[in-house]
Amino acid sequence: MATSDNKLADTDEKIFIGKGEETAWLTLALANRHGLVTGATGTGKTVTLQVMAEGFARAGVPVFAADIKGDLSGISEVGEAKDFILKRAKEMGLTFQPDQFSTVFWDVFGEQGHPVRATVTEMGPLLLSRMLDLNDVQEGVLNVAFRVADENGLTLIDMKDLRALLDAIAPDGSKKAADDEEDPLAPIRKAAQGYGNVSKATVGTIQRQLLVLENQGGAKFFGEPALTLKDFMRTDRDGRGMVNILVADKLMQSPRLYATFLLWMLSELFEELPEAGDLPKPKLVFFFDEAHLLFTDAPKALMDKIEQVVRLIRSKGVGVYFVTQNPIDVPDKVLAQLGNRVQHALRAFTPRDQKAVAAAAQTFRPNPKLDTARVIMELGKGEALVSFLEGGGTPSMVERVMVSPPSARIGPITPEERKAIMDASPVKGKYDTAVDAESAYEIIQKRLAGTAAPAGGSAGGEGGGIFGQIGSIASTIFGTNVKRGRMSTGQVIARSVTRSVTDKVIGGVAADLGKSLGGSVGGSIGRALVRGALGGLLRR
């Protein structure tokens, strides 16, 4: 934005947000201490978010933001010198300078942006249970399914993989114990029952919840190629941070899917990025709009994990900014981590509203010149109370300011403009075509058809594709997958030794080949499976 005689412009150290009796600056070195933007509908939260995103992008900081209404897409186009913008700039002593910012559009449904996908294995049981709204018993069975998949080399990529696995672990009443050897899925069922009682009724309930998720369009989120988070952390040729916009108008029709998806992205950043300590500026800033959806009806175990991720991701160089209507929407443990505050107007029509106003006023460092609670209800559109961290990380006294007008366009772009941006995107073609790799569904189908080795072997022989072929050939050579009659004790010992040697040989080959392959499947072969704080698979 902009400059003026007062030199109210972004610098290498801070971002200009607004001006009142004092100037409001957001210090880049403290921007990873997170923040909160609150206010009633129509008070200017989206414009404030755009101003902040523009400032970060100018400073070379990549931005990710969910666009609920489509208004944020205008940041990709040159701003227009409309009368109300020029009037505000003049009142603030600014000279309006139109600008635009390099933007990448993303869309879970692949309609208005590049598809965003994750594999079921990477999502993990905790977040998937939240997405499916499972109770404790159902979540326990889902955890068993993931453990069995991890131990048997059954990579879960999409929904059909998870359905096939759930079918495989469900007890089959038509089979007698004596017939287990004839049931190709008996080892999987036995492994599942070894972790506790897995009832067919519970599995059926989870399957029905999967159908609900599919009807909401959630199936499009699971698959490959899976998102590589480094694609969010780009700068353009001018050294400005790329602005990544998640098109979320359709996604918001399924609020739980929206909230869980953004939480998954946050947890992936937390798990993948190395420790960075205090940097001159963040590596990435993440804006979480409609943040109340993240915390509504969340179980305590998940809330504890969210609080942990928000608290620790700061050291990874990531700043998280929650955008919501009321500060009371955010739990106190999380609220305590949000050092940079922008409060737009709140209306006190009900007792809950009055409580929200009082709570908002109490979260600010008092200013003797302001009656904070009264001013919150008097703020006009585009005005805000702000308090940013300064000095050693202490919050500044609350100030009433007029938020600077954005430099880019305010409001949505046209479909033609969006198409032109997507055609020139740096990730064009990388995610646009789905890939259906061989995974749990195909492996289980082969076992049922009698063409795959039984469960319980090494992960290298179970991975499908070339790894499955290697395992099948070697097992045939060593005789480890050949059905036999009753064996003597000596034959049992000999076969066990042979199987152990075979597993080590095949495991070594698979590990070497796995290192040379990309993707979630190739990357998970021949290595230990490790899950992170929110249960997602770590890509290591």
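**Helices and strands in a predicted model**

Modeller: Helix α4 and helix α5 are roughly perpendicular to each other. Please bear in mind that this is a predicted model.

Biologist: At roughly what angle do the axes of α4 and α5 cross?

Modeller: Helix α4 covers residues 136–151 and helix α5 covers residues 159–169. Angles of 65 to 115 degrees count as roughly perpendicular. The two axes come within 10 Å, and they cross at roughly 100°.

Biologist: Of which class are the residues in the contact of α4 with α5: nonpolar, polar or charged?

Modeller: From α4, the residues V141, L142, A145, V148 and A149 take part. They meet L162, L165, L166 and I169 in α5. By class, this contact has no polar and no charged residues, but nine that are nonpolar.

Biologist: Why are α5 and α6 described as roughly perpendicular?

Modeller: Helix α6 comprises residues 186–193, and its axis lies 8 Å from that of α5. Angles of 65 to 115 degrees count as roughly perpendicular. The description therefore applies to α5 and α6, whose packing angle is about 80°.

Biologist: How many charged residues does the contact of α5 with α6 have?

Modeller: On the α5 side are D167, A168 and I169. These meet I188, R189, A192 and Q193 in α6. Asp and Arg belong to the charged class. The contact divides into four nonpolar residues, one polar residue and, as charged residues, two.

Biologist: Which residue in β7 is the bridge partner of F105?

Modeller: Strand β7, residues 243–247, pairs with β4, residues 63–67, in the parallel sense over five bridges. In that pairing, F64 has N244 as its partner in β7. Strand β5 also pairs with β7 in the parallel sense, over four bridges. There, the partner of F105 in β7 is I245.

Biologist: Are the residues of β5 that point in opposite ways buried or exposed?

Modeller: Strand β5 covers residues 103–107, and five of its five residues are buried. T103, F105 and D107 point one way, while V104 and W106 point the other way. Buried means under 20% relative accessible area. By this criterion, the residues on both sides of β5 are buried.

Terms used: Residues numbered from 1 in each chain as written. Predicted model: local features only at pLDDT ≥ 70, side-chain atom pairs only at ≥ 80, totals over all residues. Heavy atoms only, no water. Axes fitted to C-alpha atoms, helices over the stretch in contact; angles between N-to-C directions. Helix = DSSP H or I, 4+ residues; strand = E, 2+ residues; numbered from the N terminus. Parallel < 35°, antiparallel > 145°, perpendicular 65-115°, else oblique. Contact = heavy atoms within 4.5 Å. Pairing = 2+ DSSP bridges. Buried < 20%, exposed > 50% of the residue type's maximum accessible area, 1.4 Å probe, protein only.
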